[in-house]
Amino acid sequence: MAERRLARLGLHEPADFIVHLPLRYEDETRIVPIASVVPGVAAQIEGEVIRSEVEFRPRRQLHALVQDENGDQLALRWLHFYPSQQKQLAVGNRVRVRGEVRSGFGGCEMVHPKVSAGGRPLATALTPVYSTTDGLSQISLRKAIDTALERADLSDTLPQDVCSQYGLIPFRQAIRVLHHPPADVSCADLAEREHPAWLRIKFDELLAQQLSLAAARAARRRQQARPLANVEHVLLQRLRASLPFTLTAAQARVIDEISADLSRSFPMHRLLQGDVGSGKTIVAAFAAAQAIASGSQAAIMAPTEILAEQHFSKLSAWLQPLGVNVAWLAGSLAGKARKATMTAAKSGQAQLVVGTQALIQDKVEFSSLGLVILDEQHRFGVGQRLQLNRKGEENTGRQAYIPHQLNMSATPIPRTLAMTFFADLDVSVIDELPPGRSPVLTKLIADSRRPEVLASVAAEVRQGRQAYWVCPLVEESEALQLQTAVDTHDRLAAALPDVRIGLIHGKLPANEKQAVMQRFRDGDTDLLVATTVIEVGVDVSNASLMIIEHAERFGLAQLHQLRGRVGRGSQESICVLMYQAPLSMIARQRLRAMYETTDGFEIARRDLEQRGPGEFLGVRQSGQELLRFASLETDARLVAQAREAAATLRDHYPEHAQAHLQRWMRGRQDFLRS
């Protein structure tokens, strides 16, 4: 039974136990006088129980009063309790009590404190508190970890000169300090994770990650991909000549970077970053054209049908006149049309297949998939990315071919994240917007000023322009009390009778979504009420006004993406963030960031600070731990040092590098390599 509970925590071998480090520590080394306790701070007191009774106001509770030798008293309270606790708190018993002090109606109190018999010797060191699971007590877990500490290999995986270079204490010492802190170490030093023992552990974790990513990069270079080298092919020349616009210098630069990668005999693994509206799709078109010119197929997968349909529309317009067969595959495609696309992909007749997650279904096969392009790659799970890549794995005799992969993102990756989780990718950045794009003015407006916002919509429409009105939910949620897109559509229709208003949300059938979007693109709809289905992939240059209802409920990256739906033409565009007071601290920080900057990299940096790296990596809901001990926000210096040390170990100490990976990664390498 205990083994099963330990296994739930991922604890199997002694090596697992030793890095199951405490969440926090309790100071049971001293007793404080009741007179000195402070609300909000944990304390340990000792005294005699002078009152203990069960009260029924307003519900059954156990109340006790403890008095110390100075005559000061502290109230204790339990909402849930057992007969054994009542017995322990009998009047006259001497008890030792530990817990967080709160301000109660009658003064200070502790709610559900830890109680033990008084008069025993005090602990000589801080008491570790570990993350645990149902049925596994802290005492049992501590015993299991102590046993593992005696059995585990605590030898150092780092050579002495590396430890000296970065001022690192020995691993054995760090582990023992964290599990059994000496009496002279304070809870505060350990809680801040700046103690030398914590710095060693965080460095080790970051180093293991860097070594794993470097190994993934080296392994990828040992794989074989079909070189897609026809960069002077007539197809690419005709594509460039047919464009109704001139490529920016940044677009031309990244097209050349990608082209060079595609011509190699090992798989490309490149991240294309470009802020909202920077023109990533045409770069993808050139990459796909190079694959097709070399006799291979290309596939582009987008996270939403609206975005995928936008790509299909643009790529078809650019490539089909040049003789390229562009096929469409999404969940809404059914019957003969679906079968025809799958047949064309399998036979190779479909040279470029654009679609949604439908592309990774088991029945979808390709003849010779040479290039995989993932748009908004962080919106896909790790498994989904790997599935599409595997569609292109070919075995020709004894030779296995892996497709090239291009990841695209309009959510710029902060530098610290690029140095860690994206360290095995080559990165291209489109760092300029196409000419003619106007900057977007952001306004923060309270919900109470709604009539002004309605007047602004009417004014834009009278000038022949269009607007978006974004709401966060489709159906009413009493818990969040958010207005719905459906209700908002009805209210706006009543308030603006002369405005042609459309409605789009995720629950509409795909053909209806397409029809609504087409009417908006054609200018037959003035105001489009929508949920976040329009977050990516909607490009209507005449739309100059974006209203985001309940903006305080959206994430920072999402707000930035939504704002990017306007400002795509030459006229001045406005994004109105309409919020409902009072604002939480986090919401206030988000809205301030949107007001202060339109720079996607700065937005991304602030988003990383607020929400952590999961959003950028596509693992927000996967349950996968990213970093257990280090923090990308506060440990940037350690990240840089770990990168240096990883290169040193790989070049000069390969055995140490392997031992370090064995201790820290233990099966997590595949996650990092996706």
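Which helix supplies the largest share of the lining of the second largest cavity? The answer is helix α8, residues 196–222, which contributes three residues to that lining.

The model is a predicted one. Its protein chain has 674 residues, of which 54% count as buried. The secondary structure comprises 25 helices and 23 strands. Among contacts between residues at least 6 apart in sequence, 75% join residues at least 24 apart. The protein chain exposes about 30500 Å², and 49% of this area is supplied by carbon and sulfur atoms.

Rolling a probe the size of a water molecule over the atoms shows where empty space is left. The count comes to six cavities of 30 Å³ or more. The second largest cavity has a volume of about 100 Å³. Its lining consists of 11 residues, and those nearest its centre are Arg221, Phe266, Pro267, His269 and Asp426.

An enclosed element is found in helix α19, which spans residues 556–563. Seven of its eight residues are buried, so helix α19 is largely enclosed by the rest of the structure. The buried residues are Leu556, Ala557, Leu559, His560, Gln561, Leu562 and Arg563.

Attention now turns to the aromatic rings. A search of the whole structure finds six aromatic pairs. One of them joins Phe312 and Trp328, with 5.6 Å between the ring centres and 45 degrees between the planes, an arrangement that counts as tilted. This pair links distant parts of the chain: Phe312 belongs to helix α12 (residues 305–319) and Trp328 to strand β11 (residues 326–329), 16 residues apart. Phe312 is partly exposed because its relative accessible area is 22%, whereas Trp328, with a relative accessible area of 12%, is buried.

A further pair is formed by Tyr468 and Phe520. The ring centres of Tyr468 and Phe520 are 5.0 Å apart and their planes stand at 55 degrees, so this pair is also tilted. Because Tyr468 lies in strand β19 (residues 466–470) and Phe520 in helix α18 (residues 510–521), the pair ties together parts that are 52 residues apart in sequence. Both Tyr468 and Phe520 are buried.

From Tyr468 the reader may pass to Gly502. The C-alpha atoms of Gly502 and Tyr468 are separated by 9.6 Å, although the two residues are 34 residues apart along the chain. Gly502 is found in strand β20, residues 501–504. Why does Gly502 count as buried? Its relative accessible area is 10%, and a residue counts as buried when this value is under 20%. When residues up to four places away in sequence are not counted, Gly502 touches His489, Thr525, Leu527, Leu528 and Val529.

Aromatic rings also gather in a cluster and take part in arrangements with charged side chains. Trp198, Phe629 and Trp664 form one aromatic cluster. Over the face of Trp198 lies Arg193, at 4.2 Å from the ring centre. Elsewhere, the charged end of Arg226 sits over the ring of Tyr401, 4.3 Å from the centre of that ring.

Note on methods
Residues numbered from 1 in each chain as written. Predicted model: local features only at pLDDT ≥ 70, side-chain atom pairs only at ≥ 80, totals over all residues. Heavy atoms only, no water. Phe/Tyr/Trp six-rings, centres within 6.5 Å; stacked < 30°, edge-to-face > 60°. Helix = DSSP H or I, 4+ residues; strand = E, 2+ residues; numbered from the N terminus. Buried < 20%, exposed > 50% of the residue type's maximum accessible area, 1.4 Å probe, protein only. Lys NZ or Arg CZ within 6 Å of the ring centre and 35° of its normal. Contact = heavy atoms within 4.5 Å. Areas by Shrake-Rupley, 256 points an atom, 1.4 Å probe, with all protein chains shown as cover. 1 Å grid on protein atoms, 1.4 Å probe; cavity = no way out; pocket = protein on both sides within 12 Å on 5 of 7 lines; lining within 4 Å. Points joined across faces, edges and corners; volume = space filled by probe spheres on them.
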